[in-house]
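This briefing goes through one protein chain and its ligands by topic. Please keep the sequence and the structure in view while reading.

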Amino acid sequence: MADQKLITSIPILQKHAARLEDENWAFRSYIKGRLKMDDEELDEVVRARTEEVWSQISCIGCFNCCIALQPTVDSEDCERLAKRFGLSAKAFRQRYVTKDQFGDEMLNSMPCPFHSENGCTVYEDRPRACADYPYLYSKGFRQRLMGVIQNTAVCPVVFNTVEKLKEDLRFRKKGRDRR
Ligand code: SF4
Ligand code: SF4
């Protein structure tokens, strides 16, 4: 894929992610069952590829994660954001937070209430989940593959990194056309 152009258009990415769904689940099985590489080394490979891909993709003008996902929030996030708005944590929660079926708290609308055309309006105080997204620099890639595959339909960094990893990890031959 080294010579292939990265996909950054969200509609095109969604189309390819849908087409590649079966292959992506097979890639997950390969990494979990057959790839002879320990978790630490795998995380290093993923980080290196993420860095290389992300250096060619700008979040400015994308912001699809802010449009298509609802980030989780914890107490520290709520307190920090409440302070920013001059609200109590309780008032902030009433206005901006909901709970999922497991009781985890998340921002209450999609697109995110803090999203604007120019990006995040609370950037310095954004939830930790936003700062860490799309989690490709986090430990435990092998254990988080389900979320990674779901994010191939959301984030160009994830989609293109996964496509590169298929070659890096010898799941697919280099240069095979993915389209
Ligand atoms: S993290 Fe991914 S989805 Fe979010 S703005 Fe950046 S490229 Fe787009
Ligand atoms: S808080 Fe900011 S970074 Fe997080 S989803 Fe909302 S707009 Fe995006």
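Which residues of helix α5 (residues 75-85) are buried? They are Asp77, Cys78, Leu81 and Ala82. Viewed along the axis of α5, these buried residues lie within an arc of 125°, so they line one face of the helix. The model is a predicted one.

- Ser75 and Glu76 are exposed and sit on the face of α5 turned away from its buried side.
- The cover over the buried residues of α5 includes α6 (89-96), β1 (97-99) and α7 (128-132).
- Leu81 belongs to helix α5 and counts as buried because it has 22 C-beta neighbours inside 10 Å, where 20 or more are required.
- Beyond its neighbours within four places in sequence, Leu81 is in contact with Phe92, Val122 and Asp125.
- Leu81 and Tyr96 are 15 residues apart along the chain, and 10.0 Å separate their C-alpha atoms.
- After α5 comes Gly86, with a positive phi near 70°.

**Domains and nonpolar core**
- The chain is split into domain 1 (10-64 + 136-168) and domain 2 (70-132).
- The centres of the two domains, taken over C-alpha atoms, are 26 Å apart.
- The largest nonpolar core has 30 residues, of which Cys65, Cys155, Val158 and Phe159 touch the most other members.
- At least two residues of this core come from each of α1 (10-19), α3 (39-54), α4, α5, α6 and α9.
- α9 gives the largest share of this core, 5 residues.
- Domain 1 and domain 2 each contribute at least three residues to this core.
- Val158 is in contact with Pro134, Leu136, Val148, Asn151 and Thr152, when its neighbours within four places in sequence are left aside.
- In soluble globular proteins, nonpolar side chains tend to be buried together.

**Ligand 1**
- The shell around ligand 1 consists of Ile57, Cys59, Cys62, Phe63, Asn64, Cys65, Tyr133, Pro134, Val154, Cys155, Pro156 and Val157.
- By class, this shell of ligand 1 holds 11 nonpolar residues, 1 polar residue and no charged residues.
- α4 (64-68) and α9 (156-168) each provide at least two residues of the shell around ligand 1.

**Backbone exceptions**
- Most residues other than glycine have a negative phi, and most peptide bonds are trans.
- Met110 and Pro111 are joined by a cis peptide bond with omega about 0°, and Pro111 lies in the loop between β2 (105-107) and β3 (115-116).
- Another cis peptide bond links Tyr133 and Pro134, with omega about 5°; Pro134 is in the loop between α7 and α8 (145-151).
- Tyr135, in the loop between α7 and α8, has a positive phi near 70°.
- With 18 C-beta neighbours inside 10 Å, Tyr135 counts as partly exposed.
- Phe63 has a positive phi near 55° and is placed in the loop between α3 and α4.
- Phe63 counts as partly exposed because it has 18 C-beta neighbours inside 10 Å.
- Phe63, Tyr133 and Pro134 are among the residues that surround ligand 1.

Key:
Residues are numbered from 1 along each chain as its sequence is written. Chains are lettered from A and ligands numbered from 1 in the order in which they are written. This is a predicted model: local features need pLDDT of at least 70, side-chain atom pairs count only at pLDDT 80 or more; totals for chains, interfaces and linings use all residues. A residue is near a molecule or strand if its C-beta atom, placed from the backbone, lies within 6 Å of it. Helices (H or I, at least four residues) and strands (E, at least two) are DSSP runs, numbered from the N terminus. Ala, Val, Leu, Ile, Met, Phe, Trp, Tyr, Cys and Pro count as nonpolar, Asp, Glu, Lys and Arg as charged, and the others, Gly among them, as polar. Domain bounds come from an automatic or database domain assignment. A residue is buried if 20 or more other C-beta atoms lie within 10 Å of its own, exposed if 12 or fewer, and partly exposed in between; C-beta atoms are placed from the backbone. The arc is that of the directions from the helix axis to the C-beta atoms. Two residues are in contact if their C-beta atoms, placed from the backbone, lie within 7 Å. A nonpolar core is a set of buried Ala, Val, Leu, Ile, Met, Phe, Trp, Tyr and Cys residues joined through C-beta atoms within 7 Å.
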